[in-house]
Amino acid sequence: MSVISSVISAIIPNTRRAGRFDVVVDGKCVATLSLDAIERLGLASGCDIADKTERIADEAAELLVYDRALNMLAFRARASAELARALVRKGALRVVADRVIARLQEQGLVDDVAFAEAFARAKLLGANHSRRRVQQGLAKKGVARDVSDAAIANVFEDEAVDQSAIVERAARKKLRSLARLEPIVRRRRLYAFLARRGYDGDDIRRVMVGLGEAMTAGSDGAAGTD
């Protein structure tokens with residue numbers, strides 16, 4: 001009767017995951033770990049891991065989720081709740097995802113405050129979105145309301161944002177694609193477009209009145225998009 005070995009025969013670099021190492025027993029990889037975990041668990045060639053198998057499995061599972069999170073963050077920044085949801089969708093246990101998020105937060109790789117401000121700045125200044133729509137966008141990302149409100153307020157203050165100017169820019173851009181329509185249709189389409197983007201009715205009406213002749217005669221320029 002053969003005896004199943006639990007003695008590490010080698011610890012070698014993983015060929016597909018940089019900075020990760022395969023723990024080999026009897027020619028078979030039993031876990032892929034970080035160097036930090038290997039040192040923390042006291043693993044080395046010739047070490048019997050019979051009493052450490054559960055801890056090794058937990059470390060390997062968490063590292064896999066951590067590396068997956070790093071890959072997601074390399075693609076684009078994410079809020080903590082959004083990242084946790086994505087990890088769970090890909091099969092991670094919620095408790096493991098939460099530990100990974102906490103680790104990333106400690107490392108400064110996940111920061112809801114910084115994420116919210118960057119998101120608000122891009123949407124308010126780059127995409128001409130309304131305050132309400134930015135709040136809705138951040139809520140979908142899982143950012144807490146107090147964090148999103150503070151981020152939006154900071155952007156308005158830092159960038160001296162004029163909400164009326166944002167609405168006007170969005171309106172003028174949209175008018176280019178409505179120039180060939182009848183004035184009454186143009187007004188209706190423009191109002192609906194701005195309302196869908198979350199602008200207040202008073203701001204919309206004020207801007208439409210301010211546009212004056214452009215509302216009735218059309219607008220020069222290249223066609224915009226809805």
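This is a predicted model: local features need pLDDT of at least 70, side-chain atom pairs count only at pLDDT 80 or more; totals for chains, interfaces and linings use all residues.
How many bridges join β1 to strand β2? The points below answer this and then move along the chain.

1. **β1 and β2.** Four bridges join β1 to β2, which covers residues 20-25. The two strands run antiparallel.

2. **The whole sheet.** Three strands make up an open sheet. Their order is β1-β2-β3, and the pairing is antiparallel. β1 (10-13) and β3 (28-34) stand at the edges. Each has a single partner strand, so one side of each has no neighbour in the sheet. On average, neighbouring strands of this sheet are turned by 30° against each other, direction ignored.

3. **A helix across the sheet.** Helix α2 spans residues 53-75. It lies across β2 and β3. Relative to β3, α2 runs at about 60°.

4. **Overall layout.** The protein has eleven helices and three strands. Starting from the N terminus, the order of elements is β-β-β-α-α-α-α-α-α-α-α-α-α-α. The radius of gyration is 27 Å, well over the 17 Å that the globule rule gives for 226 residues, so the protein is more spread out than a compact globule. Along the principal axes, its C-alpha atoms fill a box of roughly 90 × 35 × 25 Å.

5. **How to read helix pairs.** Two packed helices are described by the angle between their axes and the distance between the axes.

6. **α8 with α9.** The axes of α8 (residues 163-178) and α9 cross at roughly 135° and come within 10 Å. Angles over 145 degrees would count as roughly antiparallel; α8 and α9 are therefore oblique to each other. The crossing of α8 past α9 is right-handed. On the α8 side, the contact includes Val167, Ala170 and Leu178; on the α9 side, it includes Arg186, Phe193 and Leu194. By class, this contact of α8 with α9 has eight nonpolar, no polar and three charged residues.

7. **α9 with α10.** Helix α9 (residues 183-196) packs with helix α10 (residues 201-211) at an angle of about 140°. Their axes are 10 Å apart. α9 and α10 are therefore oblique to each other. α9 passes α10 in a right-handed crossing. Arg187, Leu190, Tyr191, Leu194 and Ala195 of α9 meet Gly201, Ile204, Arg205, Met208 and Leu211 of α10. By class, the contact of α9 with α10 has seven nonpolar, one polar and two charged residues.

Definitions and conventions
Residues are numbered from 1 along each chain as its sequence is written. Side-chain values use heavy atoms; hydrogens and water are left out. Axes are lines fitted to C-alpha atoms, for helices over the stretch in contact, and angles run from 0 to 180 degrees between N-to-C directions. Angles under 35 degrees count as roughly parallel, over 145 as roughly antiparallel, 65 to 115 as roughly perpendicular and the rest as oblique. A crossing is left-handed if the near helix is turned anticlockwise from the far one by less than a right angle, and right-handed if clockwise. Contact means heavy atoms within 4.5 Å. Ala, Val, Leu, Ile, Met, Phe, Trp, Tyr, Cys and Pro count as nonpolar, Asp, Glu, Lys and Arg as charged, and the others, Gly among them, as polar. Two strands pair if DSSP finds at least two bridges between them. The radius of gyration is taken over C-alpha atoms; the globule rule is 2.2 Å times the number of residues to the power 0.38.
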